[in-house]
Amino acid sequence: MDAPTDKKLSVKVRHRLGRIELSADFEVNGGITALIGPSGAGKTSVLQTIAGLLKPDWGYIATESRVLLDTERSINLQPEERRVGMLFQDGALFPHMSVARNVAYGLHPRPRSHRERDARVADLLKRFRIEGLASAKPSRISGGERQRVALARAVATSPEILLLDEPLSALDSVTKGHVSAELSQWLEELGLPSILVSHDFADVVGLADHVAIIEDGHLVQTGSKNDVLRRPASAFAAAFAGINFFPGTAEARGHHTEVRSPDGVVMVSTDTLTGSVGAVIHPWDVSLSLHKPESSAMNLLHGPVLQLSEVGSIVRVTVGSTPPIVAEITAESVERLSLALNRMVYASWKAAATRLVAQDGMV
Amino acid sequence: MFWAQLHSRVAIDALKVSMQTSVVSLACIVVFGTPVAYLLGTKRFPGRSAIVTLFELPLVLPPAVAGIALFAAFGRFGILGAQLRTVGIELPFTWVAVIMAQSFVALPFFVRQASAGFASIDAHLMGVSRTLGAGSARTFFRVAIPLARQSLSAGAALSWARALGEFGATALFAGSLQGTTQTLPLAIYDQFSAADLDAALAMSALMVAFSAGILAAVKVITRSSSW
C-alpha cells in the first residue's frame with residue numbers, strides 16, 4: 001500500500017494557446033480539485049503542463065518536496081521523472097497489451113526482480129478487483145473496468161499527484177453513476193492530491209472538494225464546492241450553479257431509487273446508486289403546472305413562485321418549495337399559466353431526470 | 001517451355017543481385033525511414049511540410065531523373081563523388097549504387113505509409129507512457145512501433161516491391177553489369193534488346209508473381225483485425 005501523502009501542489013502557468021492566453025495560478029492542498037470550464041478554455045493544457053507533456057512559455061510547478069518546472073531557473077523535469085499519474089476518459093490503455101501488462105508497464109525501470117514485479121501486479125489487480133481480467137485485452141472490457149485498470153496502472157508507479165482528464169465523459173449515464181461512486185471511493189482511499197478536469201459540472205460535482213472555474217484561459221473562481229455553487233462568479237459558473245443539486249441518502253426501492261433529502265423530502269430516480277448521493281436535476285427537465293399533474297412524472301414539489309428571470313425566450317422560475325427548485329420553461333408557458341410572483345405552482349419531473357452523483361463529506 | 005530460361009546464367013545472376021540488393025535496400029529504408037516517419041507523423045515543427053515534400057519528391061520524379069541526380073551528386077565528377085574518389089571510393093556502377101538507386105526511389109513508399117501509421121496513434125497513449133516512467137526511447141519501442149506495426153509492414157512490403165522493380169535510376173547510376181548491378185528488370189531489358197524474348201518473358205513472369213505475392217501480403221496485413 002502506498003503511504004497516503006498530504007502534499008500540496010503549486011501551479012503557475014502562462015502560455016500562449018492559439019488565440020487565448022492561458023494564465024492560471026492555483027494551489028492544491030490534498031483532496032480533489034475539479035477544474036471546470038467550457039471546451040477550449042485551457043483545462044487540458046493545464047493538466048498537460050503539470051504532467052510535463054506541454055512546456056509553457058512561463059511556469060512554476062512544485063510539490064512540497066520537489067520543483068517539477070521552473071522556467072526562470074531552467075528546471076523542467078521530463079514527464080517520466082515527475083511522478084504524476086494521468087487518467088484519460090477512455091482509460092488510454094495500451095490496446096496491444098493485456099490488462100496485467102498494462103498494469104506492469106510502469107514497474108519496468110525500478111530495480112526489481114521479475115518475481116517481485118509479478119507479485120506487485122497481482123496485488124494491484126486484486127486491490128482494484130480486476131484479477132479476473134488479467135489476460136484480457138482492453139478492447140474486451142467495459143468502460144468502468146477500463147477506468148479501474150487505468151487507475152491501477154497509474155498507482156503502480158506510486159505517483160505523488162493524480163490528474164484525471166474527463167474521467168467520466170465517455171460513459172453512458174447509468175454507468176457514469178457507478179464509476180463516479182467507485183472513483184470517489186478509490187480517490188479517497190489513495191489520498192493523493194488529485195485534479196480532475198471536466199466540461200460537465202454535474203459529472204464532477206460529486207467527486208470534488210474544491211472547484212476551480214476556468215474560462216478563456218483564466219481562472220475566474222476557485223473555492224470550496226459549496227462556495228462556488230452558492231456564489232457563482234461568472235456566467236459559466238452561474239449556468240452550472242443553476243442546476244438543481246440536492247444532497248441526500250439513496251436507497252433502492254423496487255425498480256427505482258429513492259433519495260431522502262435532509263428536509264425529509266423523497267425524490268425518485270432511475271439511476272441505481274445507494275448511500276450518500278447528490279441528486280442533480282436540470283432546470284429544463286422540470287415542468288410547472290397550477291394543478292396537480294396527472295402525468296407519469298414521479299417527482300412533485302409545491303410552492304410559491306419566488307423569482308422569474310427571463311433569459312432570451314426561456315424563463316427561469318424559482319419555486320419556493322421544500323427544497324427550492326429552479327425550472328426553465330418557455331415564455332409562452334409562463335403566459336399560459338399566467339405565472340406571477342407568489343402564485344402557488346406544482347413542479348414535477350420524471351424519475352429519469354433525477355441524476356445521482358456519488359457524494360462524500362458534503363451535506 | 002520458357003520456364004527453362006530461368007535456369008540460364010543471366011537469369012540466376014539477375015535474381016541473385018535483385019534479391020540481395022533489394023533486401024539490403026529495404027533494411028536501409030526501414031532503419032532510416034522509421035525515425036523520419038515518426039518525426040513527420042507525430043511532431044509539428046517549422047519546415048515540416050518542406051521536408052515532407054522533399055521525401056515525397058521521388059514518388060513523382062521520373063526514375064531516370066533520379067538516376068541523373070544521383071550521378072550528378074555521386075558520379076566521378078559529381079559534387080560528392082569527386083571528394084569520395086580522393087579517398088578511394090567510387091560508387092557508380094557498383095553494388096552500392098544499385099542500393100542507393102533503389103533506396104532513393106522506394107523510400108517514400110515506406111515513409112508515407114509509416115508516418116500515416118504513427119500519426120494515427122492516440123496521442124494520449126504516448127503521453128500516458130511517459131507519465132508511467134518510460135522515456136521517449138522506451139515509448140517509441142514499446143508503444144509507437146507496436147501500434148504502427150500494420151502500417152510499418154505494409155509500407156515495408158510496398159517499398160520492397162518498388163525496390164525490386166526499380167529500373168531507370170539503376171540503369172543510369174549503376175549500369176547493367178551481369179552478376180554485379182544487373183537486377184531482374186535490367187536483365188529483362190537486356191534480353192529483350194538481344195532478341196531473346198523467351199528469357200525476357202520468363203523473368204517477367206517471375207516478377208509478376210513476386211509483385212502479386214507482395215500485394216496480397218499487404219492486403220492481408222492491412223486487413224488483419226487489430227486487437
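This is a predicted model: local features need pLDDT of at least 70, side-chain atom pairs count only at pLDDT 80 or more; totals for chains, interfaces and linings use all residues.
**Chain A, overall**

I began with the secondary structure of chain A, which comes to nine helices and 21 strands. Next I looked up the extent of the chain. Along the principal axes, the C-alpha atoms of chain A fill a box of roughly 75 × 50 × 30 Å. I then checked the radius of gyration, which is 23 Å for chain A; a compact globule of 363 residues would have a value near 21 Å, so the two agree.

For burial, I noted that 53% of the 363 residues in chain A are buried. I also looked at contacts in chain A with a separation of 6 or more: 66% of them are between residues 24 or more positions apart.

The accessible surface of chain A is about 16,000 Å². Carbon and sulfur atoms hold 49% of that surface. On charge, I found 38 positive and 41 negative side chains in chain A. The centres of these two sets lie 4 Å apart.

**Backbone entries, chain A**

I looked for a cis peptide bond and noted one between Thr322(A) and Pro323(A), with omega about -10°. Pro323(A) sits in the loop that links strand 18 (314–319) to strand 19 (325–330).

I then turned to positive phi in residues other than glycine. Asp216(A) has such a value, near 45°. I placed Asp216(A) in the loop between strand 10 (210–215) and strand 11 (218–224).

Ser338(A) is not a glycine either, and I read its phi as positive, about 40°. The loop holding Ser338(A) runs between helix 9 (331–336) and strand 20 (344–349) of chain A. With a relative accessible area of 40%, Ser338(A) is partly exposed, because that class lies between the 20% and 50% cut-offs.

**One residue in chain B**

My last entry concerns Asp198(B), which I found in helix 11 (residues 197–223) of chain B. How far apart in space are Asp198(B) and Ala116(B)? I read 42 Å, C-alpha to C-alpha, for this pair, which is 82 residues apart in sequence.

Definitions and conventions
Residues are numbered from 1 along each chain as its sequence is written. Chains are lettered from A and ligands numbered from 1 in the order in which they are written. Side-chain values use heavy atoms; hydrogens and water are left out. Helices (H or I, at least four residues) and strands (E, at least two) are DSSP runs, numbered from the N terminus. The radius of gyration is taken over C-alpha atoms; the globule rule is 2.2 Å times the number of residues to the power 0.38. Buried means under 20% relative accessible area, exposed over 50%, partly exposed in between (1.4 Å probe, protein chains only). Contact means heavy atoms within 4.5 Å. Accessible areas come from the Shrake-Rupley method with a 1.4 Å probe; for residues, only the protein chains shown count as cover. Lys and Arg count as positive and Asp and Glu as negative; His and the chain ends are not counted. The place of a charge is taken as NZ of Lys, CZ of Arg, CG of Asp or CD of Glu.
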